[in-house]
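The following dialogue works through the reading of a protein model, feature by feature. Please keep the sequence and the coordinates at hand.

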Amino acid sequence: MAATDIARQAGEGCRTVPLAGHVGFDSLPDQLVNQSISQGFCFNILCVGETGLGKSTLMDTLFNTKFEGEPATHTQPGVQLQSNTYDLQESNVGLKLTIVSTVGFGDQINKEDSYRPIVEFIDAQFEAYLQEELKIRRLLHNYHDSRIHACLYFIAPTGHSLKSLDLVTMKKLDSKVNVIPIIAKSDAISKSELTKFKIKITSELVSNGVQIYQFPMDDEAVAEVNGTMNAHLPFAVIGSTEELKIGNKMVKVRQYPWGTVQVENEAHCDFVKLREMLIRVNMEDLREQTHSRHYELYRRCKLEEMGFKDTDPDSKPFSLQETYEAKRNEFLGELQKKEEEMRQMFVQRVKEKEAELKEAEKELHEKFDRLKKLHQDEKKKLEDKKKSLDDEVNAFKQRKTAAELLQSQGSQAGGSQTLKRDKEKKNFYCFTVNSAVCCMLHETQGPAFFNLVFSSCTKSKGEDCHCRRVRVPYCLKSETNQFPLPPKCVRIHTHTHTHTHTTQVFTVSLCPGKTPSPDLRGILNGSVLC
């Protein structure tokens with residue numbers, strides 16, 4: 001039989017029995033009180049409102065002390081939450097008080113998301129407590145509970161209606177914290193305007209479905225006073241730490257040129273009502289409501305998100321072990337599915353990458369083949385060119401060798417040729433025709449003809465001249481008399497005008513059947529070689 005069934009049967013079968021005498025468990029409340037006093041209490045207040053509405057001053061007035069803190073400015077880029085914790089002692093009761101203030105709330109041009117940091121802060125405190133509860137080794141008795149127990153929402157004393165920012169923010173907070181609306185600096189409007197303003201605020205809260213904290217009516221001891229105080233919501237309060245002696249006692253006041261406003265005078269404001277309801281009567285109820293209502297709602301939603309439920313589809317109680325196993329199996333299945341998807345994706349990407357690498361490798365091989373072929377062609381061209389140069393070098397060497405051989409042979413016959421050249425020098429004849437000088441070279445290679453042209457004349461410009469061009473045949477004169485024809489001497493005489501031409505007798509010999517060489521042409525053109 002399951003433990004839950006046993007507990008249910010035990011609860012159903014409970015019966016009342018009388019006691020025969022005093023046992024002593026009637027001292028349990030005293031034990032609880034003593035234990036609570038020894039452990040101390042904690043209380044956390046969240047102050048939400050625009051900058052300059054007197055949040056810090058009201059906290060100082062409410063707890064009759066001076067909390068540390070710097071005044072906020074209107075230049076904050078966003079909403080920030082500033083938390084400060086203080087240890088207070090009254091009689092023998094200790095209180096760990098945490099005051100969280102919204103810095104920069106309502107100071108931005110775009111106020112659409114001004115509530116979001118506040119909601120996230122409250123959820124963060126719930127999450128921290130839930131994580132502490134879910135630990136295997138829990139230390140809740142020593143854990144500092146930072147969950148918000150009361151939210152004092154400060155409303156600006158405009159006298160008209162609630163701002164859209166106030167309605168939206170309170171609507172977002174009413175399911176997460178105990179919202180207590182208060183009108184700050186209520187001495188800024190008259191009593192009649194304040195009464196109408198309270199009615200207008202209550203009407204707008206009801207019409208917009210905003211659920212503010214209602215003081216409990218189930219306890220008969222405080223039901224009457226709580227019912228009366230519920231009718232005074234929202235409270236119109238004034239805060240001040242300035243004291244002034246009025247009569248025989250010192251009271252907290254705010255002084256103006258037109259008069260003095262007493263903070264603790266119920267005819268002037270609702271500060272005393274707020275202090276009574278918040279601290280002296282309903283502080284424990286605020287703590288209990290935070291734990292049993294708001295935290296339980298958050299815890300249930302989180303556990304449902306994690307897959308935990310109270311009953312199965314058949315309306316049977318769910319076992320935590322079974323729920324854990326089912327959730328674990330579901331998680332493992334999802335994990336395996338994601339792992340398989342990632343593996344398939346990885347394999348696909350690897351295949352795509354391999355295809356890309358193969359394509360790149362193919363392109364590289366093709367490029368390598370092209371470069372290799374180009375290299376081979378260039379190499380072949382260079383080899384052919386090298387072979388041609390080698391052939392030319394060999395041919396040059398052969399010609400050089402032949403030339404050196406001929407030169408050596410010519411050097412051997414150098415002596416005889418020198419003598420022969422000396423004999424032939426006398427066959428050079430110099431002649432002058434009209435101041436033109438020519439020199440004829442005699443060679444013993446056979447008969448030839450030579451066209452000798454006389455065209456130079458010493459006649460001055462403007463005078464008549466009839467110089468003739470004469471073609472004269474000649475025979476070679478052989479030193480060795482190999483040719484039967486003797487050399488001929490030709491006398492050329494020209495005289496056709498009054499001035500005198502030069503007449504010479506000479507013998508001409510040239511290479512047989514050849515025209516004069518360039519050197520001989522130069523000689524014939526006027527070079528002197530005698």
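Q: How many residues does α4 have, and what span does α4 reach from its first C-alpha to its last?

A: Helix α4 has 18 residues and reaches 26 Å from its first C-alpha to its last, close to the 26 Å expected at 1.5 Å a residue. The expected span of a helix is 1.5 Å times one less than its number of residues. Helices (H or I, at least four residues) and strands (E, at least two) are DSSP runs, numbered from the N terminus. This is a predicted model, in which local features need pLDDT of at least 70 and side-chain atom pairs count only at pLDDT 80 or more, while totals for chains, interfaces and linings use all residues. Residues are numbered from 1 along each chain as its sequence is written, and side-chain values use heavy atoms, with hydrogens and water left out.

Q: Which residues of α4 are buried, and what do they pack against?

A: Buried means under 20% relative accessible area, exposed over 50%, and partly exposed in between (1.4 Å probe, protein chains only). In α4, the buried residues include Ile 118, Phe 121, Ile 122, Phe 126 and Leu 130. The buried residues of α4 pack against β1 (41-48), β2 (80-90), β3 (93-103), α5 (164-173) and α9 (283-305); contact means heavy atoms within 4.5 Å.

Q: How many residues does the largest nonpolar core have?

A: A nonpolar core is a set of buried Ala, Val, Leu, Ile, Met, Phe, Trp, Tyr and Cys residues joined through side-chain atoms within 4.5 Å. The largest one here has 71 residues, and Phe 43, Met 59 and Leu 278 are among those with the most contacts inside it. Helix α4 (residues 116-133) supplies the largest share of this core, seven residues.

Q: What is the case of helix α3, and which of its residues are buried?

A: Helix α3 (residues 55-62) is mostly covered, with six of its eight residues buried: Lys 55, Leu 58, Met 59, Asp 60, Thr 61 and Leu 62. These buried residues pack against elements including β1, β3, β4 (150-155) and α8 (271-281). After α3 comes Asn 64, whose phi is positive, near 55°.

**Charges and surface**

Q: How many salt bridges are there?

A: Side chains of opposite charge can pair when their charged atoms come close. A salt bridge is a side-chain nitrogen of Lys or Arg within 4 Å of a carboxyl oxygen of Asp or Glu, and by this rule the count comes to 19. One of them joins Lys 302 to Glu 305, the closest N and O atoms being 4.0 Å apart. Lys 302 and Glu 305 are three residues apart in helix α9, and are therefore separated by about one helical turn. Lys 302 is partly exposed, at 24% relative accessible area, and Glu 305 counts as exposed at 59%. Elsewhere, salt bridges that share partners join Lys 198, Glu 266, Asp 270 and Lys 273 into one network.

Q: Which residues form a nonpolar patch on the surface?

A: Leu 19, Val 23, Phe 25 and Leu 28 do, with about 430 Å² of accessible area together. Patches are made of residues with over 30% relative accessible area and no salt bridge, like charges being joined within 9 Å and nonpolar side chains (Val, Leu, Ile, Met, Phe, Trp, Tyr) within 5 Å. Accessible areas come from the Shrake-Rupley method with a 1.4 Å probe, and for residues only the protein chains shown count as cover. Phe 25 lies in the loop between α1 (3-12) and α2 (28-39) and is exposed, at 52%.
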